[in-house]
Amino acid sequence: YNEYKSYLSMSASSKVAEVTALEYSTIKVPYGVLNKKFRQAQKIIDREINQLNNSINNVSRLPADLQGAALSSLQTKLMNFRNKYMECLSKERGYAEKCLSRLDHLSEYVNMEDNSVNETIWKKKRLDKMLVDYFLRRSYYDVAIDLTKESGIEQVVDLDIFMTGRSIENSLRVHDTKPCLQWCHDNKRLKKTKVLLEFNLHTQNYIELIRNGDYMAAIDYAQNNLVNSEDITKQQLQETLVLLAFKADTDCEKYKGYFSPNRWEELVLQFRAANFELYHLQSQSLLTAVLQSGLSVMKTHQCYSASEKSPDCPVCNEPLNTLARKLPYSHCTQSKLICKISLKPLNEHNIPMMLPNGYVYGELALKEMMEKDGIITCPRTQEKFWLDQAQKVYVM
């Protein structure tokens, strides 16, 4: 019983470590949004209460014949305050329930019995979650939505964040910066991270005015939105303002890029990076990170040697062989000798035997491939030897 209890404890602790490594954003994202909604609600409530207090004080100062209309107006304001309060409460409750749902989802896995049917189903849902996250990052939104509904994982994926980002990215692709600028205004704490997205958006509007030849409007726009920016250096500001001296078709290499249409796609990527940072999302999808880790663990130098590749090794075969080419090799502190023919370990039950040509195979495999007359054909060189010519190999 004690051994079984110790096994369960070790199993649970390993699962906790696994969840900590792979499911960080699962809890961090909704908690971050909940925290943001709480701060927004606090500001709204404080502002509305101050306005109500001022209205109440004003009513007490009015003549008796005007107090009736003032009280009616005050009643309307109270109803509006109640509606705003309930709306804020509903949003906070929604994300609080999402946090609890995800905590239950993760604790369910930690307390599961190893290799059970339920664990297999749970891991299948985790894989679907990784795929949805990958599809959303690659802008395959319809596929991600369909997979989310089919797998029933609505509570553990962050579709709303990506869908909001999708609408802003689409507006940038049609050269409209207003939604993105409003997003920057709503998320002012981005300035603490020194993200230059807002300045770059204003710079793009400034460039479009210059492109259209409206130089006076460009000067006014720069004075109102660029000159007083706190997050940029003096050199950055000077390079931006000097664009007034150039036309859109300029050949000057230093400033030619400012007028390139590719700047809009760069803004899309900058917004995406800022959006991920705001919600504590990793720049790389979890699917990519897990796949690369798995490939690196299995990758050896033999995977890229034509004569030593194994048909049973995932990394030795395409397309994983190409995907793993730039990844680091696995770090093995303990090595195991494997028979080239049978792929079984070489040990006291399968003694390594060396043929006269220097190649080593397991004793079990040599006996299985031995012909009736006791002759063995080396699978690498096609040379033939007697079984008694093979010598035992001792590994120190």
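# A friendly tour of a predicted fold

Helix 3 and helix 4 cross in a left-handed way. Keep in mind as you look around that this is a predicted model.

**Helix 3 against helix 4**

- Helix 3 covers residues 64–110, and its axis lies 10 Å from that of helix 4, at an angle of about 135°.
- The two helices are therefore oblique to each other, since an angle has to be over 145 degrees to count as roughly antiparallel.
- On the helix 3 side, the contact is made by His105, Leu106 and Tyr109.
- On the helix 4 side, Glu119, Trp122, Lys123 and Arg126 take part.

**Helix 8 against helix 9**

- Another pair to find is helix 8 and helix 9 (residues 215–225), whose axes come within 8 Å and cross at roughly 165°.
- That angle makes helix 8 roughly antiparallel to helix 9.
- This crossing, too, is left-handed.
- Helix 8 brings His202, Asn205, Tyr206, Leu209 and Ile210 to the meeting.
- Helix 9 answers with Tyr215, Ala217, Ala218, Tyr221, Ala222 and Asn225.

**The nonpolar cores**

- The largest nonpolar core has 34 residues, and Leu172, Trp183, Leu197 and Leu201 have the most contacts inside it.
- Several helices each supply at least two residues of this core, among them helix 2 (24–61), helix 5 (141–151) and helix 7 (178–186).
- Which helix gives the most to this core? Helix 12 does, with seven residues.

**The cysteines**

- How many disulfides does a search of the whole structure find? The search finds zero.
- Cys184 counts as buried, at 7% relative accessibility.
- Cys316 is in no disulfide either, and its nearest cysteine sulfur, that of Cys313, is 3.6 Å away.
- Is Cys316 buried or exposed? Cys316 is buried, with a relative accessible area of 8%.

**Distances along the chain and in space**

- Leu337 sits in the loop between helix 14 (320–323) and strand 1 (352–354), and it is partly exposed, with a relative accessible area of 43%.
- Leu337 and Val395 are 58 residues apart in sequence, and their C-alpha atoms are 9.6 Å apart in space.
- Leaving aside neighbours within four places in sequence, Leu337 is in contact with Lys344, Pro345, Leu346 and Val395.
- Glu239 belongs to helix 10 (residues 234–241), and 10.0 Å separates its C-alpha atom from that of Tyr258, 19 residues apart along the chain.
- With neighbours within four places left aside, Glu239 is in contact with Lys254, Tyr255 and Tyr258.
- Lys256 is in helix 11 (residues 253–256), and its relative accessible area of 41% makes it partly exposed.
- Lys256 and Thr20 are 236 residues apart in sequence and 47 Å apart in space, C-alpha to C-alpha.

- Most residues other than glycine have a negative phi, and most peptide bonds are trans.
- His175, which is not a glycine, has a positive phi of about 65°.
- You will find His175 in the loop between helix 6 and helix 7, where it is partly exposed at a relative accessible area of 47%.
- Gln382 also has a positive phi, near 65°, and lies in the loop between strand 3 (375–377) and strand 4 (384–386).
- Gln382 counts as exposed, at 52% relative accessibility.
- The peptide bond joining Glu318 and Pro319 is cis, with omega about 0°.
- Pro319 is in the loop between helix 13 (286–298) and helix 14.

Terms used: Residues numbered from 1 in each chain as written. Predicted model: local features only at pLDDT ≥ 70, side-chain atom pairs only at ≥ 80, totals over all residues. Heavy atoms only, no water. Core = buried A, V, L, I, M, F, W, Y, C linked by side-chain atoms within 4.5 Å. Buried < 20%, exposed > 50% of the residue type's maximum accessible area, 1.4 Å probe, protein only. Helix = DSSP H or I, 4+ residues; strand = E, 2+ residues; numbered from the N terminus. Disulfide = S-S within 2.5 Å. Axes fitted to C-alpha atoms, helices over the stretch in contact; angles between N-to-C directions. Parallel < 35°, antiparallel > 145°, perpendicular 65-115°, else oblique. Left-handed = near helix turned anticlockwise from the far one by under 90°. Contact = heavy atoms within 4.5 Å.
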